Amino acid sequence: MKNLKLKSARAARDLSQEDLAKMVGVSRQTINAIEKGDYNPTINLCRAICKALGKTLDELFWEP
């Protein structure tokens, strides 16, 4: 399932996939795969992404 919340939060901060990837120490392809729903990140990567975007785990990764 696509992670549109992550994509939206990244765009709201005017960050490219490459920018976010550098901030959290992964490749741009990893961020792309997470946004497309092709990759399930580790909890540590989820936490790093949340910290970089100023969001909580629930806001970005929880599905109702």
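A: Start with Arg10: leaving out residues up to four places away in sequence, it touches Leu15, Ser16, Gln17, Leu20, Glu35 and Leu53, where touching, or contact, means heavy atoms within 4.5 Å. Arg10 sits in helix H1; helices here are DSSP runs of H or I with at least four residues, strands are runs of E with at least two, and both are numbered from the N terminus. This is a predicted model, in which local features need pLDDT of at least 70 and side-chain atom pairs count only at pLDDT 80 or more, while totals for chains, interfaces and linings use all residues. Residues are numbered from 1 along each chain as its sequence is written, and side-chain values use heavy atoms, with hydrogens and water left out.

Arg10 counts as buried, at 10% relative accessibility. The scale goes like this: buried is under 20% relative accessible area, exposed is over 50%, and partly exposed is in between (1.4 Å probe, protein chains only). One of the residues Arg10 touches, Glu35, is also its salt-bridge partner, with the closest N and O atoms 2.6 Å apart. That pair ties together distant parts of the chain, since Glu35 is in helix H3 and Arg10 in helix H1, 25 residues apart. Glu35 is buried too, with a relative accessible area of 6%. To count as a salt bridge, a side-chain nitrogen of Lys or Arg must be within 4 Å of a carboxyl oxygen of Asp or Glu.

Searching the whole structure turns up two salt bridges. Lys36 and Asp38 also make one, with the closest N and O atoms 3.6 Å apart. In that pair, Lys36 is partly exposed at 43% relative accessibility, and Asp38 is exposed at 57%.

Now for H1 itself. It runs over residues 4-12, and Leu6, Ala9 and Arg10 are its buried residues. They cover an arc of only 100° around the axis, so they end up on the same side of H1; the arc is taken from the directions between the helix axis and the C-beta atoms. Turned away from that buried side is a face with the exposed residues Leu4, Ala11 and Ala12. And what covers the buried ones? The cover includes helix H2 (17-24), helix H3 (28-36), helix H4 (43-53) and helix H5 (57-61).

Both ends of H1 deserve a look. Asn3 lies in the segment before the helix, and it is buried, with a relative accessible area of 10%. A side-chain oxygen of Asn3 comes to within 3.3 Å of the backbone nitrogen of Lys5 at the start of H1. The Asn3 side chain also reaches the backbone nitrogen of Leu6, at 2.8 Å. A polar contact here is a pair of N or O atoms within 3.5 Å; within protein, one must be able to donate a hydrogen and the other to accept it, and residues adjacent in sequence count only if both atoms are side-chain atoms. Further along the chain, Asn3 touches Ile34, Glu35, Leu60 and Phe61, not counting residues up to four places away. Just after H1, Asp14 takes a positive phi of about 55°.

Leu6 brings us to the nonpolar core. The largest one has 14 residues, and Leu6, Leu20, Val24, Ile31, Ile49, Leu53 and Leu60 have the most contacts inside it. H1, H2, H3 and H4 each supply at least two of its residues, and the largest share, five residues, comes from H4. Such a core is a set of buried Ala, Val, Leu, Ile, Met, Phe, Trp, Tyr and Cys residues joined through side-chain atoms within 4.5 Å. Take Ile49: apart from neighbours within four places in sequence, it contacts Leu6, Leu20, Val24, Ile31, Ile34, Leu60 and Phe61.

Zooming out, the protein has five helices and zero strands. Buried residues make up 34% of the 64 residues. Among contacts between residues at least 6 apart in sequence, 50% join residues at least 24 apart. The C-alpha atoms fill a box of roughly 30 × 25 × 20 Å along the principal axes.
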